[in-house]
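Here are my comments on the model you sent. They are set out as numbered points, to be read beside the coordinates.

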Amino acid sequence: PPPLTPPHKGEGKTLLTLLELRPVTGRTHQLRVHCAASGWPILGDAIYGTAPRFHGPGLHLHARSVTVPLYPKKPPIAVEAPVPHHMRERLEACRSAP
């Protein structure tokens, strides 16, 4: 993996934040556009953020779980996925922050 590079800098400190986002419409790029417009683009976003197109950290956007109500008379389909390898180091840094 590429070396750990901070997504933002503020007053001499590297800022790294784990967000839980719950999209309302599921529209393409919704989370990426809203985060970038708020001033905190998603790490690794080469389109709406500042990540390089090639050899960057990879987009750090992950759907941990998704539930889809497909059939009216059956329970919704729910799936979960582990965190991708390229995101693990930074996720652990967020969890161990004071």
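1. Basis of the note. This is a predicted model, in which local features need pLDDT of at least 70 and side-chain atom pairs count only at pLDDT 80 or more, while totals for chains, interfaces and linings use all residues. Residues are numbered from 1 along each chain as its sequence is written, and side-chain values use heavy atoms, with hydrogens and water left out.

2. Fold. The protein has 2 helices and 4 strands, and from the N terminus the order is β-β-α-β-β-α. Helices (H or I, at least four residues) and strands (E, at least two) are DSSP runs, numbered from the N terminus. Of the 98 residues, 14% count as buried. Buried here means under 20% relative accessible area, exposed means over 50%, and partly exposed is in between (1.4 Å probe, protein chains only).

3. Largest pocket. Its volume is about 1,100 Å³. Of the 31 lining residues, L18, L19, E20, L21 and H62 are the closest to the centre. A pocket is an open set of points on a 1 Å grid over the protein atoms alone, where a 1.4 Å probe fits, with protein on both sides within 12 Å along at least five of seven lines; lining residues have an atom within 4 Å of a point. Grid points are joined across faces, edges and corners, and the volume is the space filled by probe spheres set on the points.

4. Make-up of the lining. At least two residues each come from α1 (30–38), β3 (65–68) and α2 (88–95), and α2 gives the most, with 4 residues. By class, the lining of the largest pocket has 20 nonpolar, 6 polar and 5 charged residues. Ala, Val, Leu, Ile, Met, Phe, Trp, Tyr, Cys and Pro count as nonpolar, Asp, Glu, Lys and Arg as charged, and the others, Gly among them, as polar.

5. L21. This residue is in the loop between β2 (13–15) and α1. L21 counts as partly exposed because its relative accessibility is 32%. C35 is one of the buried residues of α1, along with Q30 and R32.

6. D45 and R32. D45 lies in the loop between α1 and β3 and counts as buried because its relative accessibility is 1%. Its side chain makes a polar contact with the side chain of R32 at 2.7 Å. A polar atom of the D45 side chain also lies 3.0 Å from the backbone nitrogen of Y48. A polar contact is a pair of N or O atoms within 3.5 Å; within protein, one must be able to donate a hydrogen and the other to accept it, and residues adjacent in sequence count only if both atoms are side-chain atoms.

7. Backbone points to check. Most residues other than glycine have a negative phi. H55 is not a glycine, yet has a positive phi of about 65 degrees. H55 lies in the loop between α1 and β3 and counts as exposed because its relative accessible area is 79%. The C-alpha atoms of G39 and G49 are separated by 9.3 Å, at 10 residues apart along the chain. G49 is in the loop between α1 and β3.

8. Rings. The structure holds 0 aromatic pairs, a pair being rings of Phe, Tyr or Trp (its six-membered ring) with centres within 6.5 Å. The charged end of K74 sits over the ring of Y71, 5.2 Å from the ring centre. For this, NZ of Lys or CZ of Arg must be within 6 Å of the ring centre and within 35 degrees of the ring normal.

Terms used
Phe/Tyr/Trp six-rings, centres within 6.5 Å; stacked < 30°, edge-to-face > 60°.
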